[in-house]
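Trainee: I have a model open beside its sequence, and I would like to learn how to read it. Could we go through it feature by feature?

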Amino acid sequence: MRWLKPLPLRPRDTVHVVAPAGPFDRPLFEAGLAFIAERYTPSLRPDISSVHRYLAGDDARRAQELGHALTDPSARAIFCARGGYGSARLLPHLPLADAAPSLFTGFSDLTSVHGALQALGRVSIHGPVLTQLGKQPPEVREYFFRLLESPEPPPPLTGSATYVPGSAEGHLVGGNLSVLACLLGTPYLPPLDGAVLLLEDVTERPYRLDRMWTQLRLAGVFSRVRGIVLGDFTSCEERNAEYSSADVLRGLAQEAGLPCAAGFPIGHGTLNYPVALGTQVHLDADAARLTFLEGAVRP
């Protein structure tokens with residue numbers, strides 16, 4: 001696949017701020033928005049704080065908001081307020097094929113949008129949402145803005161454990177395990193052949209991690225990808241269990257038999273370093289090191 005990279009951001013560029021998934025905490029949102037506004041010119045709808053049950057407004061509101069942001073050629077990026085749940089509901093209603101060459105950013109539930117964009121050969125940024133951005137340390141925010149603005153490969157990231165030794169090279173895809181599993185059998189699954197697969201999750205007990213991983217295995221995912229990068233699996237422990245989520249994931253990775261390293265600072269943990277999905281990476285599982293072979297944006 002020939003990948004289409006977005007245009008780089010520049011100071012004071014117009015960027016869209018959207019809420020395509022769950023409702024959000026307003027103070028946390030404002031804290032993240034303040035960092036975006038220091039650098040760019042955010043544009044957001046007055047009804048962005050809408051609430052409909054567990055969603056940030058009904059499907060029509062959210063689809064119209066995100067659809068406009070995706071196709072607006074005057075804006076250089078899209079920042080999401082929060083994950084939660086709901087973005088997958090919008091996929092059939094989004095003008096994805098007509099998307100402008102702008103940067104889509106977000107993670108967690110936004111994995112569904114990333115998958116749909118990667119299915120069309122578009123690079124996007126798996127990175128902090130605004131309710132998380134304000135809590136990230138300066139080094140993560142600086143890394144984020146560098147990734148958005150520079151065509152140069154970002155510095156490598158280091159994990160904490162080797163689950164299966166070896167190395168792999170390919171385009172990076174994936175994100176949240178539970179959301180990715182829900183994309184199986186849909187047109188929105190990212191291209192897996194020859195890929196390095198990124199997985200992370202939050203508040204999923206070990207047996208549920210096992211179940212979703214097994215779903216990927218039964219669907220043939222691990223026969224198509226070349227390596228596995230595991231980010232944070234936050235608050236995924238079973239109370240009073242004699243095993244940890246890491247024990248379960250290590251065993252699953254060993255069954256898959258692909259180079260796999262874990263503990264990368266990506267996901268719902270204290271640190272959420274952004275990574276460019278759709279770009280070429282090299283995984284050295286022995287050193288638990290992920291090297292980026294290209295930048296996220298065009299020169």
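Trainee: Let me start with pairing. In β13, which residue is the bridge partner of glutamate 169?

Mentor: Strands of a sheet pair through backbone hydrogen bonds, either parallel or antiparallel. Here glutamate 169 has histidine 282 of β13 as its bridge partner. β8 and strand β13 (residues 280-284) run antiparallel and are joined by five bridges. Two strands count as paired if DSSP finds at least two bridges between them. Strands (E, at least two residues) and helices (H or I, at least four) are DSSP runs, numbered from the N terminus.

Mentor: Keep in mind that this is a predicted model, where local features need pLDDT of at least 70 and side-chain atom pairs count only at pLDDT 80 or more, while totals for chains, interfaces and linings use all residues. Residues are numbered from 1 along each chain as its sequence is written, and side-chain values use heavy atoms, with hydrogens and water left out.

Trainee: What is the strand order of the open sheet?

Mentor: The eight strands follow the order β6-β14-β13-β8-β9-β10-β11-β7, with mixed pairing. β6 (157-158) and β7 (161-164) each have a single partner strand, so they stand at the edges and one side of each is left without a neighbour in the sheet.

Trainee: Is strand β9 largely enclosed or left open, and why?

Mentor: Burial is judged by relative accessible area: buried is under 20%, exposed is over 50%, and partly exposed is in between (1.4 Å probe, protein chains only). In β9 (residues 196-202), six of the seven residues are buried, so the strand is largely enclosed by the rest of the structure. β9 pairs in the parallel sense with strand β8 (residues 167-176) over five bridges, and asparagine 176 is bridged to glutamate 200 of β9. β9 is also parallel to strand β10 (residues 227-234), with six bridges joining them. One of the residue pairs there is valine 196 with glycine 227 of β10. From β9 the chain passes through helix α7 (residues 206-218) to β10 in a right-handed β-α-β crossover; with the strands pointing away from the viewer, right-handed means that the path from the first strand over the helix to the second runs clockwise.

Trainee: Which residues does serine 178 contact?

Mentor: Contact means heavy atoms within 4.5 Å. Leaving aside neighbours within four places in sequence, serine 178 is in contact with Asp201, Glu204 and Met212. Serine 178 lies in helix α6 (residues 177-183) and is buried, at a relative accessible area of 15%.

Trainee: And serine 245, is that residue buried or exposed?

Mentor: Serine 245 is buried, with a relative accessible area of 4%. This serine belongs to helix α8 (residues 245-256). Not counting residues up to four places away in sequence, serine 245 touches Pro206, Leu209, Cys236 and Glu237.

Trainee: Where does arginine 82 lie?

Mentor: Arginine 82 sits in the loop between β3 (77-80) and β4 (103-106), and is partly exposed, with a relative accessible area of 31%. Its side chain reaches the backbone oxygen of proline 23 at 2.5 Å; a polar contact is a pair of N or O atoms within 3.5 Å, and within protein one must be able to donate a hydrogen and the other to accept it, while residues adjacent in sequence count only if both atoms are side-chain atoms. Arginine 82 and valine 129 are 47 residues apart in sequence, yet 5.4 Å apart in space, C-alpha to C-alpha.
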